[in-house]
Amino acid sequence: MVYKNLRIAGRNQMSITTYELNHLDQLESEAIHIFREVASEFERPCLMFSGGKDSIVMLHLATKAFWPARLPFPVLHVDTGHNFPEVLVFRDRRVKELEARLVVASVQKSIDEGRVTEEKGPRASRNRLQTTTLLDSIEENNFDALFGGARRDEEKARAKERFYSFRDEFGQWDPKNQRPELWNLYNGKIGQGEHIRVFPISNWTELDVWQYIEREEIEIPSVYFAHERDVFLRDGMLLADSEFVKRSEDEELVRRKIRYRTVGDMSCTGAVESEAENLKQIIEEISATRITERGATRADDRVSEAAMEDRKKEGYF
Amino acid sequence: MEFLRFATAGSVDDGKSTLIGRLLYDTKSIFQDQLESVEATSQQMGNEYTNLALLTDGLRAEREQGITIDVAYRYFATPKRKFIIADTPGHIQYTRNMVTGASTADLVLVLVDARHGVVEQSRRHAFIASLLRIPHLVVCVNKMDLIDYDEKAFNEVKEEFRNFAMKLDIPDLSFIPISALHGDNVVERSEKMAWYKGSSLLHHLEEVHIASDRNHIDARFPVQYVIRPQNEEHHDYRGYAGTIAGGVFKPGDEVAVLPSGFTSTVASIDSYEGPISEAFGPMSVTIRLTSDIDISRGDMICRPNNQPSVGQDLQAMICWMSESSALVPRMKLALKHTTKSCRVLATDIQYRIDVNTLHRDEKPDSLKLNEIGRVSLRSTQPLFFDEYRRNRNTGSFILIDEVTNATVAAGIIVGSG
């Protein structure tokens, strides 16, 4: 036996005598395997990027998978027009650094072209409209595989999701008729007009994502760290004051120290009160929390018990 | 921290959902909003108690019908380990789901109702675990509270299970008397069963030794993707990317490449952070060789004096997974094995195994949904394989229907010819 330290695919040091990988290294290896598998077997993959922490981790993993070559696929952003400005700045800088190709699919354009109609009322959101924009973009660009950063621990419909999730020519997910997935052998065979949604970080938990961001020193948008912001209370969630949300008279603005646990549209992503100003504090906060991230922050999941399943069947992320 | 992936097999009647609910609850892995939503749904459905099965049964159809349709993945952690549970339904019509859940597991947990002892279902679960070479099998004898925590009854179940398991190949078999409902021996050792000297279930899961389960002897590297940056800085770079499927690779190792048989030397093992001094499974790495030889996806890098079998004729155990078709002799299918895809012809079905009795039905006409049997296959291209018992990565494959593109079978290589 040789006793020496080995530098493995992360920043951790370990003894080689055991041949064990820690959980982050295992998760990373699994994700990289899937990125490479898709790049080998599909003609026109793309990586869906929202600017949220999960898709930032995905971009990092993809970069590692093909280094020293550039990403062999473009980055797709479905832009609702209701983004946090910090997130858009971040997106553009990251894409430039990686010399990646960015494809933007605009929900505003879908509205202007009459493909979808804007929801009305104070709770109007563009969340559901994104599905049409996304499916149109898939068709326009002939994408046959789309990487997404969904995780099985996020939501109960996602707990049943495969790494390779088959979508028919309407982009629909059929949860009762999923392909069995065995070992690390993925079936990427599809017909004309069909595609696969690929979820390389399926097995990651929210805590894994944060620990990985810390270990890899991955940069994330500032909205994830505690900061002062004008917010108001709606349905038990703190929403940011923005031009995209109409407040009713009794929804009073207050200044609070908050951060975001998830980053989606400004109109439906709630903030949590927090003092966590750095990654170490965020990890402590996540370790101690008793509420799931979507439960705490996503109005879009509150519609019904099966809100996510229903949207996924239609072709949502 | 290290991972343990385990599959649970059983049905609602065995208390499987209660057990998983308890593991999640006692390790603080259920969140308040999840619990509240489960409580609300239970009440709405008129259940007397909070139905923890609703935590795992996430699909609308499952909630409506009160059944588990699919494999659900659950996550929890203790300060010692992180766990992934593949929660699979137990009935015979879900054999394929258990095979799926067990394919990536280090350990299988089988539940037995202490009042009923070893039943057909327990035998089937043990058989599937042994077929898939899961190194560790834990039998939880549940509902001990209903038989007054009786040691004798526990020992009888244990004896009965052992007698059956002797016919199988299970390297590590343990028995734990529990009451999932009351939490006895689940997280903490139970005071009600002082006669039991072993560890609680959670303690067992935290401590079971899995590091030596992987094959670190036979070096196997199926080439997955060739990295050629074609930019100025890395003009001549040519790296072979993939996941180590067995053994250990180091710079300076002499290697052979299949199918060409050419030999070369590992120049370096690369990663985004820099060179790696040693790579082993399941690391995803990029290997560069000292000589320029033509290598592409589907090729296999190994050691010159330790090579996998190479051939077009396979003997395999397969589990058929399609509802709409059956395997019949002379059928042609697509095969995916490591990073290689080709076509195969089923030349013969030698026998079908009754998963409840282990009885062999010789020369059946077909293999239908959830049936397991031994088949002979001939592939259009040579495959580089090991017996599954030697290496799960190079000994497993899937079969795909070329018309519907559905995954129709899981295969385990038992030999060549």
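Tutor: A salt bridge is a side-chain nitrogen of Lys or Arg within 4 Å of a carboxyl oxygen of Asp or Glu. This is a predicted model, where local features need pLDDT of at least 70, side-chain atom pairs count only at pLDDT 80 or more, and totals for chains, interfaces and linings use all residues. Residues are numbered from 1 along each chain, chains are lettered from A, and side-chain values use heavy atoms, without hydrogens and water.

Student: How many salt bridges count between domain 1 of chain A and domain 2 of chain A?

Tutor: The count is 2. The bounds are 23-207 for domain 1 and 220-301 for domain 2, from an automatic or database domain assignment.

Student: Why is the pairing of Glu206(A) and Arg261(A) called a salt bridge?

Tutor: Their side chains meet at 2.8 Å, N to O. The limit is 4 Å, so the pair qualifies.

Student: What makes the two domains of chain A count as in contact?

Tutor: Contact means heavy atoms within 4.5 Å. Domain 1 of chain A brings 25 residues to it, and domain 2 of chain A brings 25 residues.

Student: What area do domain 1 and domain 2 of chain A bury between them?

Tutor: About 2,200 Å², with 55% of it on carbon and sulfur atoms. Buried area is the accessible area (1.4 Å probe) that two parts lose on being put together, summed over both.

Student: Which three residues supply more than any other three of the area that domain 1 of chain A buries against domain 2 of chain A?

Tutor: His82(A), Phe84(A) and Glu206(A), with 29%. Glu206(A) is also the salt-bridge partner of Arg261(A).
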